[in-house]
Every structure is written in C-alpha cells, then in structure tokens.
Amino acid sequence: RVRMPFWTSKVKDPVCGMDIDKKKALASLIHGGITYFFCSLRCNEDFQKNPDRYTGRPAPTQHQEAHH
C-alpha cells in the first residue's frame, strides 16, 4: 500500500480508490489511530460498515484503546 507523505493534501479514498484533496473531502473518520478521507458520504458509510475490508486490519477493541 502506498502512503502519501503527511504534508501532502492528496489522499486516496480507501473505498473507491479515488485520489482526492483531503481539504475537499466530503467526509473523514479516524479508525485505528489513522484518519481516512472519503470522496462521498456513501464511501464513508461503506467504510464504517466494514472497515477491515478496506484497511486489512481490525480496529482496536475498547480495552486495547484504553491501554494506548
């Protein structure tokens, strides 16, 4: 997976793969300590339904988050 440098404003929507400017993203959310940006509310909703499908890793449980 290609990661963009933190200073760039271009990011890839993890659901549809579209390159977007994070300043113009229609939605964003934090999952597993990483902020994801979305081109549409639909992509955001699809991600929230099954984030593991798009990240390849499960979200930390509440217990794990409490210890970090």
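Colleague: What does the chain average in pLDDT?
Modeller: This is a predicted model, and its chain averages a pLDDT of 82. At least 70 is the score for 71% of the residues.

Colleague: Which elements have the lowest and the highest mean pLDDT?
Modeller: Helix α3, residues 62-66, has the lowest mean, 47. The highest belongs to α1, with 96.

Colleague: And where does pLDDT stay under 50?
Modeller: Over residues 63-68. The model has 2 contacts beyond four places in sequence for that stretch. Where pLDDT is low, the predicted coordinates should not be read in detail.

Colleague: I clicked on Leu29 in β3. Is Leu29 buried or exposed?
Modeller: Leu29 is buried, at a relative accessible area of 17%.

Colleague: What is Leu29 in contact with, leaving aside neighbours within four places in sequence?
Modeller: Ile34, Thr35, Tyr36 and Phe38, plus Asn44, Phe47 and Gln48. Take Phe47: in sequence Leu29 and Phe47 are 18 residues apart, while their C-alpha atoms are 9.5 Å apart in space.

Colleague: Let's stay with the rings. How many aromatic pairs are there?
Modeller: The structure holds 3 aromatic pairs. In one of them, Phe47 with Tyr54, the ring centres are 6.0 Å apart and the planes sit at 25°, so that pair is stacked.

Colleague: Why does 25° make the Phe47 and Tyr54 pair stacked?
Modeller: Because planes under 30 degrees apart count as stacked, and the Phe47 and Tyr54 planes are at 25°.

Colleague: Phe47 and Tyr54: buried or exposed?
Modeller: Phe47 is buried at 1% relative accessibility. Tyr54 is buried as well, at 19%.

Colleague: And which residues form the aromatic cluster?
Modeller: Tyr36, Phe38, Phe47 and Tyr54 form one cluster.

Colleague: Now the charges. How many salt bridges does the structure hold?
Modeller: It holds 2 salt bridges. Asp19 meets Lys12 at 3.0 Å, N to O. Asp46 pairs with Arg42, their closest N and O atoms being 3.7 Å apart.

Colleague: Where do Asp46 and Arg42 lie?
Modeller: Both are in helix α1, residues 41-49, and they are 4 residues apart, about one turn of the helix. Arg42 is exposed at 60% relative accessibility, whereas Asp46 is partly exposed at 22%.

Colleague: Last one, the cysteines. How many disulfides does the count come to?
Modeller: The count comes to 0 disulfides.

Colleague: Great, thanks for the tour!

Notes: Residues are numbered from 1 along each chain as its sequence is written. This is a predicted model: local features need pLDDT of at least 70, side-chain atom pairs count only at pLDDT 80 or more; totals for chains, interfaces and linings use all residues. Side-chain values use heavy atoms; hydrogens and water are left out. A salt bridge is a side-chain nitrogen of Lys or Arg within 4 Å of a carboxyl oxygen of Asp or Glu. Helices (H or I, at least four residues) and strands (E, at least two) are DSSP runs, numbered from the N terminus. Buried means under 20% relative accessible area, exposed over 50%, partly exposed in between (1.4 Å probe, protein chains only). A disulfide is a pair of cysteine sulfur atoms within 2.5 Å. Rings of Phe, Tyr and Trp (its six-membered ring) pair if their centres lie within 6.5 Å; planes under 30 degrees apart count as stacked, over 60 as edge-to-face and the rest as tilted. pLDDT is the predictor's confidence in each residue, from 0 to 100. Contact means heavy atoms within 4.5 Å.
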